[in-house]
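Me: Here is a model I want to go through with you. I will ask about loops, cores, cavities and salt bridges, one at a time.

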Amino acid sequence: MLFHMFSSQQERRNFGGSDFIELQYCKLPQGLKIKEIVSVDKISHWKNDSLYVSGDDVNLFYESYSNIITGGIYNNGKSGGMDLLGINYYSQEQAVLIMERIEDEKPPEYEILLRWLKSGINYTGFYVLGL
């Protein structure tokens, strides 16, 4: 299974500790400057409503989704391909475009990611938080 959700952080720890990519909703208020949104101080890891990719599945995730989940903003304010070692922020507008591409391309387990993205569409966006 590529994507995982956990009902508690203890369940996550029992499954695989901290060796995960975390897809996390950005619940910060609308209108913040991008510098604040990608600030390490504004992000806390290990949310129960996050979607997780095990470290064992990172290569499959990257091969399947790196051409779809792209254009994220990094902590340094630059933008580019998915950085699996850092912070990647995607706006609401980007999330909509990503959902459209997922529906068109149908990569592995796309239904899970699509459902998760749709559930968070009213947030400021989402993060892909690297290992």
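Me: Where does Glu109 lie?
Reply: This is a predicted model, in which local features need pLDDT of at least 70, side-chain atom pairs count only at pLDDT 80 or more, and totals for chains, interfaces and linings use all residues. Residues are numbered from 1 along each chain as its sequence is written, and side-chain values use heavy atoms, with hydrogens and water left out. Helices (H or I, at least four residues) and strands (E, at least two) are DSSP runs, numbered from the N terminus. On that numbering, Glu109 lies in the loop between H4 and H5.

Me: Is Glu109 buried, partly exposed or exposed?
Reply: Buried means under 20% relative accessible area, exposed over 50%, and partly exposed in between (1.4 Å probe, protein chains only). The relative accessible area of Glu109 is 26%. That makes Glu109 partly exposed.

Me: What is the phi of Glu109?
Reply: Glu109 is not a glycine.

Me: Which loop holds Lys106, and what is its phi?
Reply: Lys106 is found in the loop between H4 and H5. Lys106 counts as partly exposed, at 48% relative accessibility. Its phi is positive in a residue other than glycine, near 50°.

Me: How many residues are in the largest nonpolar core, and which element gives the most to it?
Reply: A nonpolar core is a set of buried Ala, Val, Leu, Ile, Met, Phe, Trp, Tyr and Cys residues joined through side-chain atoms within 4.5 Å. The largest has 26 residues, and those with the most contacts inside it include Leu23, Phe61 and Phe126. At least two residues each come from strand S2 (20-26), strand S3 (51-54), helix H3 (58-65), helix H4 (92-105), helix H5 (110-119) and strand S7 (125-129). The element giving the most, with five residues, is H5.

Me: Which residues does Phe61 touch?
Reply: Contact means heavy atoms within 4.5 Å. Residues up to four places away in sequence are not counted. On that basis Phe61 touches Leu2, Phe3, Ile21, Leu23, Val53, Ser66, Ile69, Met82 and Leu84.

Me: Where is Asp57, and which residues does it touch?
Reply: The place of Asp57 is in the loop between S3 and H3. At 21% relative accessibility, it counts as partly exposed. Its C-alpha atom is separated by 9.3 Å from that of Ile21, 36 residues apart along the chain. Leaving out residues up to four places away in sequence, Asp57 touches Met1, Leu2 and His4.

Me: How much space lies in the largest cavity?
Reply: On a 1 Å grid over the protein atoms alone, a cavity is a set of points where a 1.4 Å probe fits but cannot get out; lining residues have an atom within 4 Å of a point. Grid points are joined across faces, edges and corners, and a volume is the space filled by probe spheres set on the points. The count comes to one cavity of 30 Å³ or more. The space in the largest cavity is about 50 Å³.

Me: How do the residues of the lining of the largest cavity divide?
Reply: Ala, Val, Leu, Ile, Met, Phe, Trp, Tyr, Cys and Pro count as nonpolar, Asp, Glu, Lys and Arg as charged, and the others, Gly among them, as polar. Among the lining residues are Tyr25, Gln92, Trp116 and Phe126. H4, H5 and S7 each supply at least two residues of the lining. The division is seven nonpolar, three polar and no charged.

Me: How many residues apart in sequence are the parts that Asp49 and Lys27 tie together?
Reply: A salt bridge is a side-chain nitrogen of Lys or Arg within 4 Å of a carboxyl oxygen of Asp or Glu. Asp49 forms one with Lys27, the closest N and O atoms being 2.6 Å apart. Asp49 lies in the loop between helix H2 (34-37) and S3, and Lys27 in the loop between S2 and H2, so the pair ties together parts that are 22 residues apart in sequence.

Me: What separates Arg101 and Glu105 in helix H4?
Reply: Their side chains meet in a salt bridge (3.0 Å, N to O). Arg101 is partly exposed at 32% relative accessible area, and Glu105 is partly exposed at 42%. Being four residues apart in helix H4, the two are separated by about one helical turn.

Technical notes. On a 1 Å grid over the protein atoms alone, a cavity is a set of points where a 1.4 Å probe fits but cannot get out, and a pocket is an open set with protein on both sides within 12 Å along at least five of seven lines; lining residues have an atom within 4 Å of a point.
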